[in-house]
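Could you walk me through this model, question by question? I would like to see how each answer is reached.

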Protein chains: 2
Amino acid sequence: MGILVIGSVAFDSVETPYGRHKDVLGGSAIYFSLSARFFNVVDIVACVGEDFPKEFIAMLKARRIGTSGLEVLKGKTFRWEARYSGDMNQAHTLATHLNVFKGFIPKIPALLRGSQYLFLANIDPGLQDDVLRQVKRPEFVGCDTMNHWITEKPRELDKLIKKVDMLFVNDSEARQLSSESNLLKAAKEIIRMGPKIVVIKKGEHGLILYSRNVRFMAPAYLLERVNDPTGAGDSFAGGTMGFLSRARRINAASLRRAVIYGTIAASFTVEDFSVNRLLRLKRPEIEARLKAFRSLTRF
Amino acid sequence: MGILVIGSVAFDSVETPYGRHKDVLGGSAIYFSLSARFFNVVDIVACVGEDFPKEFIAMLKARRIGTSGLEVLKGKTFRWEARYSGDMNQAHTLATHLNVFKGFIPKIPALLRGSQYLFLANIDPGLQDDVLRQVKRPEFVGCDTMNHWITEKPRELDKLIKKVDMLFVNDSEARQLSSESNLLKAAKEIIRMGPKIVVIKKGEHGLILYSRNVRFMAPAYLLERVNDPTGAGDSFAGGTMGFLSRARRINAASLRRAVIYGTIAASFTVEDFSVNRLLRLKRPEIEARLKAFRSLTRF
C-alpha cells in the first residue's frame with residue numbers, strides 16, 4: 001500500500017530576491033506527493049477549482065500520483081501570495097484566497113480508506129482529525145501544523161497530535177507548541193504531549209529528530225543559492241514519509257535515513273521556483289546527492 | 001612541540017538569563033588554552049595587570065599551560081562587560097576597559113619562537129602580524145578575528161589572512177569579510193582571499209569547514225541549557241588546534257575530527273559561567289561526549 005496525503009493544491013504567487021512568479025503550481029499536497037513519489041505510489045485528497053488545468057492532473061497521473069481524491073469544486077482554486085526577503089527563512093504572506101478550500105470537507109474515497117501511510121498536511125486540525133477517522137487503522141500517521149493553528153485551535157490540535165506517530169514542525173512552531181525556548185526541551189515536551197516522534201525543521205540549519213529512543217541531528221544540505229523556499233517543508237515530509245513507507249520498518253535507523261531523504265528532497269525543491277526542480281528531478285540525482293551529503297557530514 | 005597562543009587574559013562581567021557573574025576569569029587566550037591543553041602543551045603570550053591573582057597563574061601551570069609569555073604590567077587587567085539575552089546568539093558589550101592591554105606589544109620569549117602550532121586569537125590584525133613575524137616558520141597558523149577589525153583594519157587583515165593556514169570566523173563575520181550572504185559562497189570567497197582553510201562557526205547551528213579539498217558540515221552538540229556562551233569560539237579553536245597539533249597531519253580526516261573536538265570543547269564551556277566547566281573537565285568526558293555526538297549524527 002502507498003501513501004495518502006491530505007493537504008492543499010494551490011496557485012502560488014511568490015517573490016524572492018531571485019525572481020517573481022505568478023499563479024504557479026503549489027500547495028502542500030503537491031510538494032509532498034512530488035517528493036514522496038520517488039519512493040512509493042501516492043494518492044492526494046484535496047480540492048481544486050474549475051480553473052485548475054487538466055494538464056496538471058495529467059502531469060500528476062504520469063508520476064504515479066493518484067488523483068481520485070482530488071475534487072473539482074465550483075469556483076476558483078486556492079491562491080497564496082508571499083514574499084521572501086533577506087535570508088528567506090520566513091515567508092511574508094501578502095494574501096490568502098481560500099476560494100474552493102473554504103468549507104471544503106475532505107472525503108476519502110472508499111478505495112483509499114485502507115491506506116497504511118497517511119500524511120496530514122497543514123490544514124485545520126479539526127479537518128485533519130476528520131480525515132484520520134475516515135482511514136481504517138493506518139500503520140503510520142505523519143502530521144504537519146503551523147503557528148496559526150497552535151494559537152487558534154489549541155484544543156483540537158492537542159487532541160489530534162496524541163493520535164499521530166510523527167509530528168513535523170519548524171523551530172518556532174516547536175517553541176510555541178511546547179512553551180520551551182530550548183529546542184531539546186521543546187522536543188521532549190512535544191513527545192510528552194502525544195506524538196511518538198517529532199522532527200523539528202530548522203530550515204537552512206538542519207533538523208532535530210526526537211523520540212523516546214531516537215535522538216538525531218543533521219545539518220541541511222548546503223546550497224550556493226536558494227531560489228524559492230516554498231514547499232521545502234512539505235517536500236521534506238514527502239521524502240521522509242516516502243522512504244519510511246518503502247522501508248516498512250520504523251526504527252532508529254530507518255527514521256534517521258528517512259529524514260536525510262527528506263533533507264535531500266527539500267534541497268532540490270528550493271533550487272527553483274514552484275515545483276520546477278521536482279518535475280525535472282530523477283531518482284539517481286537523489287542518490288547522488290545523498291552520497292554527497294554523506295561525504296559532507298562524515299568524520 | 002606544543003601550541004603557542006597570543007590573545008587576551010581578562011576579567012569578564014557577564015549577565016545571561018541564568019545568572020550574573022562579576023570579574024570572573026576570561027579572555028581568548030584563557031579559553032583557548034584551557035581547551036587545547038587536553039591535547040598538547042600550550043603556552044600563552046598575553047598581558048595582565050598587577051591585580052591578576054597568583055592563584056590563577058598557578059592554576060594554569062598546574063594544567064601544563066606555560067606562562068613564561070604572560071607579562072605582568074603596571075596597571076589593571078583587561079576587563080569586559082557583556083549581557084546575553086533571548087537566544088543568547090550574540091553578546092551585547094556593555095563596557096570594554098583595555099587597561100594594560102592598551103599599547104601592549106606582544107613579545108614572544110626566545111624559547112617559544114620555534115613553536116610549530118600558533119593561534120592568533122582575536123586582537124588587532126597588526127599585532128597578530130607582528131607575532132607571526134616573531135615565530136620562526138610555524139607549521140600551522142590558526143587565526144581568529146571579528147567584525148570590528150573587518151571594518152576598521154581591512155588592509156591589515158587582508159594582508160594577515162594570506163599568511164594563515166586556518167581562519168576561524170562566525171557566520172556574520174564570514175558574510176562581512178566576503179561580501180557574500182550565502183555561506184557556501186562566502187567560504188569560497190574567503191579561500192580566494194588567502195587562508196588555506198576556513199571554518200565558519202554558526203553557534204548553536206553548527207559549522208562549515210571549507211578548503212580546496214575539504215567540504216564539511218556539522219551541527220552543534222545539542223544542550224538542554226546554555227548558561228553562558230562566553231568563550232565558546234575560543235574553546236572551539238582550542239579543541240580544533242589542540243587535536244591538529246597532536247595529530248601532526250593536516251588532511252581531510254584530521255580536519256573533520258579536529259572541528260568535532262572543537263565542537264565538543266565549546267559545548268562544555270557554555271554549560272557554566274566563566275571557565276568553571278573547563279576547570280572541572282576531564283579527558284574521558286570529552287571522549288564520552290564525542291561518542292554521544294557520533295551516535296547523534298550517524299545515519
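The questions below go through a predicted model, from the contact of its chains to its sheets and helix pairs.

Q: By what turn can chain A be laid on chain B, and what kind of axis relates the copies?
A: Let's start with the superposition: chain A falls on chain B with an RMSD of 0.0 Å.

Q: Which strands stand at the edges of the nine-stranded sheet of chain A?
A: The sheet is open, with mixed pairing, and its order is E5-E4-E1-E8-E9-E10-E11-E12-E13 in chain A. Each edge strand has a single partner strand, so one side of it is left without a neighbour in the sheet. The edge strands are E5 (65-73) and E13 of chain A.

Q: In E13(A), which residue is the bridge partner of Leu209(A)?
A: Strand E12 (residues 207-211) of chain A pairs with E13(A) over four bridges. The sense of this pairing is antiparallel. In E13(A), the partner of Leu209(A) is Phe216(A).

Q: What angle does the direction of helix H6 of chain A make with that of E10(A)?
A: Helix H6 (residues 171-178) packs on the sheet of chain A, where it touches strand E10 (166-170) and strand E11 (197-201). Its direction and that of E10(A) make an angle of about 110 degrees.

Q: Are H9(A) and H11(A) roughly parallel or roughly perpendicular?
A: Their axes are 10 Å apart, and the helices pack at an angle of about 115 degrees. Angles of 65 to 115 degrees count as roughly perpendicular. That makes H9(A), relative to H11(A), roughly perpendicular.

Q: Which residues of H11(A) make the contact with H9(A)?
A: H9(A) passes H11(A) in a right-handed crossing. By class, this contact has five nonpolar, one polar and one charged residues. H9(A) brings Ile260(A), Ile264(A) and Ser267(A), and they meet, from H11(A), Ile286(A), Arg289(A), Leu290(A) and Phe293(A).

Q: By how many degrees does the twist average from one strand to the next in the sheet of chain B?
A: Chain B has an open sheet of nine strands, with the order E5-E4-E1-E8-E9-E10-E11-E12-E13 and mixed pairing. Its edges are held by strand E5 (65-72) and strand E13 (215-218), each with a single partner strand. From one strand to the next, the twist averages 15 degrees.

Q: Which residue of E9(B) is the bridge partner of Leu118(B)?
A: Strand E8 (residues 117-120) and strand E9 (residues 140-144) of chain B run parallel, joined by four bridges. In E9(B), the partner of Leu118(B) is Val141(B).

Q: How are H1(B) and H8(B) oriented to each other?
A: Helix H1 (residues 28-36) and helix H8 (residues 232-247) of chain B have axes 7 Å apart. They pass in a right-handed crossing, and their contact has six nonpolar, seven polar and one charged residues. The packing angle is about 40 degrees. The two helices are therefore oblique.

Q: Is the crossing of H3(B) and H5(B) left-handed or right-handed?
A: The axes of helix H3 (residues 125-134) and helix H5 (residues 154-161) of chain B come within 8 Å and cross at roughly 30 degrees. Angles under 35 degrees count as roughly parallel, and that makes H3(B) roughly parallel to H5(B). The residues of their contact divide into three nonpolar, two polar and three charged. As for the hand, the crossing of H3(B) and H5(B) is left-handed.

Note on methods. Residues are numbered from 1 along each chain as its sequence is written. Chains are lettered from A and ligands numbered from 1 in the order in which they are written. This is a predicted model: local features need pLDDT of at least 70, side-chain atom pairs count only at pLDDT 80 or more; totals for chains, interfaces and linings use all residues. Two strands pair if DSSP finds at least two bridges between them. Two residues are in contact if their C-beta atoms, placed from the backbone, lie within 7 Å. Axes are lines fitted to C-alpha atoms, for helices over the stretch in contact, and angles run from 0 to 180 degrees between N-to-C directions. Angles under 35 degrees count as roughly parallel, over 145 as roughly antiparallel, 65 to 115 as roughly perpendicular and the rest as oblique. A crossing is left-handed if the near helix is turned anticlockwise from the far one by less than a right angle, and right-handed if clockwise. Ala, Val, Leu, Ile, Met, Phe, Trp, Tyr, Cys and Pro count as nonpolar, Asp, Glu, Lys and Arg as charged, and the others, Gly among them, as polar. Copies are superposed by least squares on the C-alpha atoms of residues with pLDDT of at least 70 in both.
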